[in-house]
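Let's take a walk through a protein together.

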Amino acid sequence: MVSPSLPLLQSEVQIGDSVYDVSLFASMHPGGEQFVSMFGGMDATAAYYSYHGHKSVGAKLLPYRVREATPAYEVGHVNSEAYQRLRARVNKAIPFTNANFQMWAKCVALIAIEVLLELSMLVWGPRLLLSVALGVVIALIGLNIQHDANHGAFSKDPEINFALGLMQDYIGGSALLWRIQHDVLHHVLTNHRGRDPDHEGLPLVQFAMGRRDTPSWAKQQHLYIIPALCLLPVNWCFLSVKNLIELRYFNVTISFMNARFRDIALYFRAFFWCRLVLLPLWLRPGLHTTVCIALVFATAGISLGIFFLLSHNFVGVAEVEGSGEPKKHQGKVLSAPAGTDKGKLDWAGCQVVTSATWGGPIAGFLIGGLNYQIEHHLFPRICSCHYPTLAPIL
């Protein structure tokens with residue numbers, strides 16, 4: 001009997017019309033415990049099918065089914081036949097989906113350069129150019145390493161993905177909060193007004209212009225957007241500590257199953273503050289050191305912010321309003337492609353119209369494939385190094 005009135009417990013996950021108790025299964029998940037725990041107390045239908053590509057729930061999860069529930073997503077909408085056919089073509093063209101040698105070489109080089117730059121600032125003292133370089137490399141680590149790892153795309157080994165995913169914590173962020181914002185919310189509710197934190201923007205920066213509720217002052221944001229992006233690291237390095245302690249983010253309660261990941265994040269955050277802020281100031285106190293530290297944060301914020309803004313905010317890229325219908329930023333309803341069931345886009349179609357692909361392989365190499373957003377949203381478990389191969393298929 002379907003029980004729509006029963007709320008999900010924090011140890012439960014819903015897929016389609018079934019609820020599963022994943023408190024024991026999470027640690028046995030082949031892709032890593034974190035990818036189950038992050039959906040504790042939530043519906044994971046869209047994420048499950050976009051990550052796994054199964055036609056139905058896998059046999060390993062079935063023994064943990066505890067009851068039926070009213071589905072938030074129809075499986076046929078999320079995992080449509082068209083999406084399955086496309087996946088079959090992609091699997092044939094890209095049989096190996098994890099990081100190649102070039103990707104691993106870039107990973108090792110970026111980590112080595114970051115460590116050397118930090119050591120240089122400690123040994124020889126802060127320098128303005130070194131600070132700018134360090135800020136850029138920190139941003140590149142976020143774009144090129146932790147992003148793929150926290151999607152489980154870097155390696156087949158879940159331990160390697162987890163370790164490389166912690167590079168987000170090493171550079172001052174939080175892998176846990178990133179997965180909640182990016183994997184749980186943004187990838188499932190792409191450009192959904194009021195529900196996608198990546199689409200809602202920042203206090204001083206509006207990402208989706210042209211909406212009827214866009215503040216008048218936002219029309220002048222081109223005058224101050226660069227200084228505003230400089231402040232972006234203040235949120236991920238300092239203000240987000242409250243989110244970690246409370247296990248709440250963007251009005252979402254994070255399951256207690258993530259407590260271990262929260263503790264790891266807090267340890268790394270303390271390590272980051274000591275390493276990048278307190279130790280340099282202790283060794284060489286003064287205004288120059290303070291300016292150099294601020295320059296690291298500002299450069300990282302600008303570098304990440306600019307590339308991030310391009311991902312889903314081109315003119316003509318759709319947003320999704322409360323009804324679930326995708327609309328352009330100008331407010332016109334997008335027409336569904338010929339042959340779409342009931343004249344509506346399926347979930348994969350919504351991912352296409354709410355994302356943008358720009359640039360080419362060179363840009364993709366530099367920024368971890370974030371210029372291939374359509375490819376990434378349809379196949380998040382494929383490493384970004386394969387997106388140039390994937391793009392012509394789509």
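How many residues does the largest nonpolar core have, and which of them have the most contacts inside it? Keep in mind as you look that this is a predicted model. The core is made up of 52 residues, and the ones with the most contacts inside it are Ile-15, Val-22, Phe-39, Leu-61, Val-90 and Phe-379. Helix α9, spanning residues 175-186, gives the most to this core, contributing five residues. There is also a second, separate core with 37 residues, including Cys-107, Leu-134, Ile-138 and Phe-297.

Now try clicking on Phe-39. Apart from its neighbours within four places in sequence, Phe-39 is in contact with Glu-12, Val-13, Ala-44, Ala-47, Asp-183 and Val-184.

Next, the cysteines. A search of the whole structure turns up zero disulfides. Cys-107 is buried, with a relative accessible area of 4%. Cys-383 is buried as well, at 0% relative accessibility. The sulfur of Cys-383 has its closest cysteine sulfur in Cys-385, 3.7 Å away, but this is also too far for a bond because a disulfide needs the two sulfur atoms within 2.5 Å.

Finally, find the open sheet of four strands, which run in the order β3-β1-β2-β4 with mixed pairing. At its edges are β3 (42-43) and β4 (65-68), each pairing on one side only. Strand β2, residues 18-21, pairs with β4 in the antiparallel sense over three bridges.

Terms used:
Residues are numbered from 1 along each chain as its sequence is written. This is a predicted model: local features need pLDDT of at least 70, side-chain atom pairs count only at pLDDT 80 or more; totals for chains, interfaces and linings use all residues. Side-chain values use heavy atoms; hydrogens and water are left out. A nonpolar core is a set of buried Ala, Val, Leu, Ile, Met, Phe, Trp, Tyr and Cys residues joined through side-chain atoms within 4.5 Å. Buried means under 20% relative accessible area, exposed over 50%, partly exposed in between (1.4 Å probe, protein chains only). Helices (H or I, at least four residues) and strands (E, at least two) are DSSP runs, numbered from the N terminus. Contact means heavy atoms within 4.5 Å. Two strands pair if DSSP finds at least two bridges between them.
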